[in-house]
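Please keep the structure open beside the text as you read.

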Amino acid sequence: MVVEHRAVAALRVFLVVLFGVLIPFQTLSLPGQFAHMAQESPQDAYLRWPATAVAVFWVLCVQVVIVCTWQLLNLVKKDRIFTEASLKWVDAIVWAIAAAWVVLVVVFLYVVLNADDPGLPVLLFLLTVGVTVAGLLMVVMRALLRQATTLRTDMEAVI
């Protein structure tokens, strides 16, 4: 139990750090980077706002996952992780990953159809596969959580 409490505490610290880093990245760095790219490559300037919107959306999806993970850690701390309350947070994680995946697939298809260099399509393909694995893993983990919740509820009813 001591190791679990330390792991939860460490995870909370890093979730706060990650969320804190993502806010200026989302609001300052990404828009600034795409503005700079539009100035450096005027022929691609039309991509500035769509690229900014997509990148900010992906960061928002990560922020949703962070908040949901925080809430799940609260349930772990209260020993309520195997309750129906946890499923809504896992569902939100699954939906955030699914939304990010849909946008990633659209970006991937756009880049593949317009690319003259294989580097970016290969990178986006790798990211698409990674996000697909993460999403499917969360679906499996949700199913396991549902089974554990059902077992715990059944055990409590017997006792």
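The buried residues of H1 pack against H2. Buried here means under 20% relative accessible area, exposed means over 50%, and partly exposed covers what is in between, with a 1.4 Å probe and protein chains only. Helices (H or I, at least four residues) and strands (E, at least two) are DSSP runs, numbered from the N terminus. Contact means heavy atoms within 4.5 Å.

A word on the source: this is a predicted model, in which local features need pLDDT of at least 70 and side-chain atom pairs count only at pLDDT 80 or more, while totals for chains, interfaces and linings use all residues. Residues are numbered from 1 along each chain as its sequence is written, and side-chain values use heavy atoms, with hydrogens and water left out.

**Helix H1 and its partner**

Which residues of H1 are buried? They are Val8, Arg12, Leu15, Leu22, Gln26, Leu30, Phe34, Ala35 and Ala38. H1 has 39 residues, and from its first C-alpha to its last it reaches 53 Å, close to the 57 Å expected at 1.5 Å a residue; the expected span is 1.5 Å times one less than the number of residues in the helix. At phenylalanine 25, H1 bends by about 45°, the bend being the angle between axes fitted to the seven residues ending there and the seven starting there.

Leucine 28 also belongs to H1, which covers residues 2-40. Is leucine 28 buried or exposed? Leucine 28 counts as exposed, at 60% relative accessibility.

Threonine 52 counts as buried because its relative accessibility is 6%. Leaving aside residues up to four places away in sequence, threonine 52 touches Pro31 and Phe34.

**Charged pairs**

Side chains of opposite charge can pair when their charged atoms come close. How many salt bridges does the structure hold? The structure holds three, a salt bridge being a side-chain nitrogen of Lys or Arg within 4 Å of a carboxyl oxygen of Asp or Glu.

| Aspartate 79 | Arginine 152 | 3.1 Å |

Take aspartate 79 and its salt bridge with arginine 152. Aspartate 79 lies in the loop between H2 and helix H3 (84-114) and arginine 152 in helix H4 (residues 119-158), so this pair ties together parts that are 73 residues apart in sequence. Aspartate 79 is partly exposed at 48%, and arginine 152 is partly exposed at 26%.

Arginine 146 is partly exposed, with a relative accessible area of 32%.

Aspartate 91 is partly exposed, with a relative accessible area of 25%.

Aspartate 79 has another feature to check: its phi is near 55°, a positive value in a residue other than glycine. Most residues other than glycine have a negative phi.

**Nonpolar cores**

The largest nonpolar core has 11 residues in all: Cys68, Leu72, Leu75, Ile81, Leu87, Val90, Ile93, Val94, Ile97, Met138 and Leu145. Such a core is a set of buried Ala, Val, Leu, Ile, Met, Phe, Trp, Tyr and Cys residues joined through side-chain atoms within 4.5 Å. H2, H3 and H4 each supply at least two residues of this core, and its largest share, five residues, comes from H3. A second, separate core has nine residues, among them Leu15, Leu30, Ala55 and Val59.

**The cysteines**

Cysteine 68, a member of the largest core, counts as buried at 3% relative accessibility. Cysteine 68 touches Trp89, Ala92 and Ile93, not counting residues up to four places away in sequence. Cysteine 61 is in no disulfide and counts as buried, at 8% relative accessibility.

Methods. A disulfide is a pair of cysteine sulfur atoms within 2.5 Å.
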